[in-house]
Amino acid sequence: MEIKRDIYLDKLIARKHNGLIKVITGIRRCGKSYLLFRLFRRHLIECGVTEDHIIEVAFDMRRNAALRDPDVLCAYVEEKMSGGGMYYILLDEVQMLSEFESVLNEFARYENADVYVTGSNSKFLSSDIMTEFRGRGDEIRVYPLSFAEYCSAFPGSVDEAWQEYYTYGGLPLTVSMTTDEQKAEYLTRLFNEVYLRDIVERNGIRHPEELGELINILASSIGSLTNPKKLSNTFKSVKGIKITENTLARYATYLEQAFMIKRAQRYDIKGKRYIDTPSKFYFEDVGLRNARLNFRQIELTHIMENIIYNELRMRGYNVDVGVVEIRDKQADGSYTKKQTEVDFVANLGSKRIYIQSAFAMSDDKKTAQEKRPLDKIGDSFKKIIVVGENIKLCRDEDGIVIMGIRDFLLKRDSLEL
């Protein structure tokens, strides 16, 4: 089964020979090793690189146990690099290598070596991994499968793929599983036995049950505004547990650093400033989110919003939640002010796009409700409404593009249409 991961393969190819360590990061089981050892390696061979100039070490394999010693590995690599030309060093599960930071910094000094590494434990998953390489690292962030990538390997129809995707998410192994039971058990076990354990061990959390409850609350309220104070009040009123705001803020940071969730800040579009609190949280993979809640809360409205957010980030956009102030004229001639929300403000360089997620626009009233925040922005950047229905792409009289979720996810140029 071939899964296309062209977005990340192109990023690796663009970074060849740049003198930096290419550090492939991402949540466990998202396909980092597959990208490096299958797709990128095949690219090197097709470009004429000979087998003896590709040095591969998977540190989690028993036969490579001796190479986990830094001195043994350095001697092994130097012996392999006995000829001329450029060598490509591909290292998988590099966290299993003792003193891996110093070893990689040494490899980065080799003029005839191009170094690529992946890792999967909590330390390597941390968002601050680049500091370990003293400015010599170049991060390639890998996400779970996009819907387009998922469809490239899914055996059924697009409609069937969509139902599977919003239920079980985009971790690659789920595509090959044939039963709902297999997928549910795999995701639940992975969440509890791998992801949570990594976070607890890395950060020395003494009360993992509190962390688990926080995850449950965030999973139940994806796309909702919240902050540490609100979370603390929820713990007290609903769970009967007293947890300080500082503790909950720290736990949320741990989850972000491990790529489990991502915080979306609010941005005042007209005032051109960030609003510190409250924020929204989205899950890296909706399948993991659903598994955490035992698949009891599959609300497509919120899940679709999470999927759109993840898709924008996969395409390289920085994504915020937009806020627009609206003035309404009252019967007495006075005006009232209120804030309304633009689901996403997506920025990439000088490009900006405003996006609304609307599961359905069943009548004129609902359509006007979704369009109103976009109409009030007042600038010339593109405005898009993504609808859960399978509709034909169109542009209304105000220049707002309306498209179905499948078109948005499956067409790589959907934001340019």
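This is a predicted model: local features need pLDDT of at least 70, side-chain atom pairs count only at pLDDT 80 or more; totals for chains, interfaces and linings use all residues.
In which hand does helix 9 pass helix 12?

Residues are numbered from 1 along each chain as its sequence is written, and side-chain values use heavy atoms, with hydrogens and water left out.

**Helices 9 and 12.** I looked up helix 9 (residues 180–203) and helix 12 (residues 245–257), whose axes come within 10 Å and cross at roughly 120°; helices here are DSSP runs, H or I, of at least four residues, and strands are E runs of at least two, numbered from the N terminus. The axes are lines fitted to C-alpha atoms over the stretch in contact, with angles from 0 to 180 degrees between N-to-C directions. That angle makes helix 9 oblique to helix 12 (under 35 degrees counts as roughly parallel, over 145 as roughly antiparallel, 65 to 115 as roughly perpendicular and the rest as oblique). To my opening question, the answer is a right-handed crossing, meaning that the near helix is turned clockwise from the far one by less than a right angle. I noted Ile-199, Arg-202 and Asn-203 of helix 9 in contact with Tyr-254, Leu-255 and Gln-257 of helix 12 (heavy atoms within 4.5 Å).

**The sheet.** I then followed an open sheet of 8 strands, ordered 7-6-8-9-10-11-13-12 with mixed pairing, where pairing takes at least two DSSP bridges between two strands. Strand 11 (residues 382–387) pairs with strand 13 (residues 401–404) in the parallel sense over 4 bridges, and I found Val-386 opposite Met-403 in strand 13.
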